Amino acid sequence: MRTAYRVETVRAAEAELMARVPEGALMQRAAAGLAAACCSLLGKGRVYGARVVLLVGSGDNGGDALYAGVRLARRGAGVTAVLLGERAHEAGLAALRAAGGRVTGPHDDPYEALAAADLVLDGITGIGGQGGLRPDAVPVARAARGSDAVVVAVDLPSGVDADTGEVAGEALRADATITFGTYKPGLLVDPAREYAGALRLVDIGLGATLPSVPDLEALQHEDVARRLPAPGSESDKYRRGVLGVVAGSARYPGAAVLAVSGALRGGAGAVRYVGPAAGAVIAAHPETLVHDGPPDKAGRVQAWVIGPGLGEGPGVAVALGQVLATDVPVLVDADGLRVLTPTAVRGRSAPTLLTPHAGEAAALLGVAREEVESARLSAVRELAARYGATVLLKGSTTLVCGPGGAGPVRVNPTGTSWLATAGSGDVLSGLAGALLATGLLPVDALSVSSYLHGLAARRASQGGSPIAATDVAEALPGAWRDVVS
């Protein structure tokens with residue numbers, strides 16, 4: 001599992017470690033890993049004679065860049081340091097000059113070196129930087145990005161917020177980011193994630209000094225495999241979990257079909273469907289148990305999903321009230337979110353799960369959609385705290401937060417832009433509901449379903465081809481096999 005920690009936590013861990021190791025040891029470890037990564041990015045045999053430009057700020061990651069430049073210069077690279085801060089790491093500057101590197105003065109033109117560069121190291125600002133690049137650094141950053149060089153961020157792309165993933169001003173987009181000790185939340189959460197490029201973690205020995213509970217975590221194959229339910233020898237359809245689905249309408253019958261598809265392909269022992277799209281559901285999935293309603297007369301279930309395609313009729317609030325009155329977990333999506341109140345959720349004894357996209361989250365919070373999209377971590381935590389629910393915030397990086405906003409936020413690494421298609425969220429709701437009905441904890445049900453959903457979309461869109469929501473549903477069993485094999 002990838003884990004990420006806030007800046008305050010990272011700095012405390014670094015301080016504890018630095019008290020036990022020789023002065024400068026952590027910077028040298030970081031520089032060694034950074035230089036090795038740069039050699040790899042330049043390619044075998046291309047370091048000697050390569051032209052490397054260091055963009056050096058006044059912080060410690062400017063020092064990391066300088067010492068990495070020293071190592072590259074010793075291997076035959078031509079290294080030029082462009083100083084952008086009010087000061088620079090003096091020992092690093094001296095070491096670079098001693099290794100044959102060049103340091104630009106205040107009146108030197110950095111653009112000629114950038115235009116000819118093979119690789120640019122972005123050491124302008126570190127993890128403490130906020131509010132985007134300073135105005136004097138913007139033209140240099142633009143020149144770096146406009147060159148043919150590979151741009152490598154030192155620990156974090158300059159101009160992005162390490163803790164939140166926000167990009168409040170101009171930032172330097174990297175082809176790769178080499179981060180030290182641990183991941184930072186901004187490297188895993190959009191919009192900052194898109195500026196980071198390929199990620200590589202360099203171990204500098206922080207593991208023993210970091211807390212056991214991170215601020216952010218991202219599941220990987222083995223983590224998902226451990227959480228996936230598997231039927232035992234005594235299992236039957238009821239023991240495997242029965243999911244109730246309240247979805248669809250005369251206008252949107254397909255939403256019901258897609259939600260049921262996700263549930264059936266997501267391991268539910270049985271699905272009870274309640275709603276007006278029974279004909280379409282049975283035609284697509286004859287194994288579904290259908291009921292005209294209301295939900296409280298449909299029979300016993302282990303979890304409910306309500307909302308996809310219900311439309312705007314007065315019956316939506318009535319059905320939602322009945323489902324929320326049960327003593328089983330309830331996942332509310334799409335049209336169910338429009339009539340949801342914090343009071344209705346907080347009064348429940350069983351878990352409630354919400355799965356909004358950015359627009360729905362904005363409506364629930366009473367803010368503009370742009371505010372949610374620019375500060376996704378804050379938005380998902382605020383929703384979880386306000387509603388006392390486990391929240392999955394859909395988007396370019398899907399986030400899952402437990403009730404009250406406590407505990408690590410989970411970020412899904414498998415998403416793809418091909419999921420931006422009508423009905424894919426209905427499939428996700430059914431899949432998450434199925435996992436919930438099998439007994440998974442709410443945070444696990446949402447994070448595992450998001451992971452599988454993303455893998456399925458990647459499978460369906462192999463070769464970069466467009467996909468539909470039905471393709472995602474059909475690819476779910478293959479995604480499941482990929483994880484457990």
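Two strands are taken as paired if DSSP finds at least two bridges between them. Helices (H or I, at least four residues) and strands (E, at least two) are DSSP runs, numbered from the N terminus. The structure is a predicted model, in which local features need pLDDT of at least 70 and side-chain atom pairs count only at pLDDT 80 or more, whereas totals for chains, interfaces and linings use all residues. Residues are numbered from 1 along each chain as its sequence is written, and side-chain values use heavy atoms, with hydrogens and water left out.

Strand 3 (residues 78–83) pairs with strand 2 (residues 51–56) in the parallel sense, over six bridges. Within this pair, valine 52 lies opposite valine 79 of strand 3. A crossover is called right-handed if, with the strands pointing away from the viewer, the path from the first strand over the helix to the second runs clockwise. Strand 3 also pairs in the parallel sense with strand 4 (residues 102–103), over two bridges. Valine 103 in strand 4 is the bridge partner of alanine 81. Here the chain passes from strand 3 through helix 4 (residues 90–98) to strand 4, and this β-α-β crossover is right-handed.

An open sheet of eleven strands shows mixed pairing and the order 1-9-18-17-16-15-14-13-10-11-12. Its edges are strand 1 (2–4) and strand 12 (289–291), each with a single partner strand, so one side of each has no neighbour in the sheet. From one strand to the next the twist averages 20 degrees; angles run from 0 to 180 degrees between N-to-C directions, and axes are lines fitted to C-alpha atoms, for helices over the stretch in contact. Strand 13 (residues 303–306) and strand 14 (residues 330–332) run parallel and are joined by three bridges, with leucine 331 of strand 14 as the bridge partner of valine 305. Helix 10 (residues 253–264) packs on the sheet, where it touches strand 10 (242–246) and strand 11 (270–274), and its direction makes about 165 degrees with that of strand 11. Helix 12 (residues 315–324) also packs on the sheet, touching strand 10, strand 13, strand 14 and strand 15 (352–354), at about 160 degrees to the direction of strand 13.

A nonpolar core is a set of buried Ala, Val, Leu, Ile, Met, Phe, Trp, Tyr and Cys residues joined through side-chain atoms within 4.5 Å. Buried means under 20% relative accessible area, exposed over 50%, and partly exposed in between (1.4 Å probe, protein chains only). The largest nonpolar core has 55 residues, of which Leu34, Leu54, Leu72, Val79, Leu96, Leu121 and Phe180 touch the most other members. Helix 2 (residues 25–42) gives the most to this core, with eleven residues. Apart from this core lies another, of 51 residues, including Leu440 and Val472.

Serine 424, in helix 18 (residues 424–437), is buried, with a relative accessible area of 7%. Neighbours within four places in sequence aside, serine 424 is in contact (heavy atoms within 4.5 Å) with Leu419, His453 and Ala469. Glutamate 373, in helix 16 (residues 369–374), is partly exposed at 36% relative accessibility. With neighbours within four places in sequence left aside, glutamate 373 is in contact with Pro191 and Ala358.
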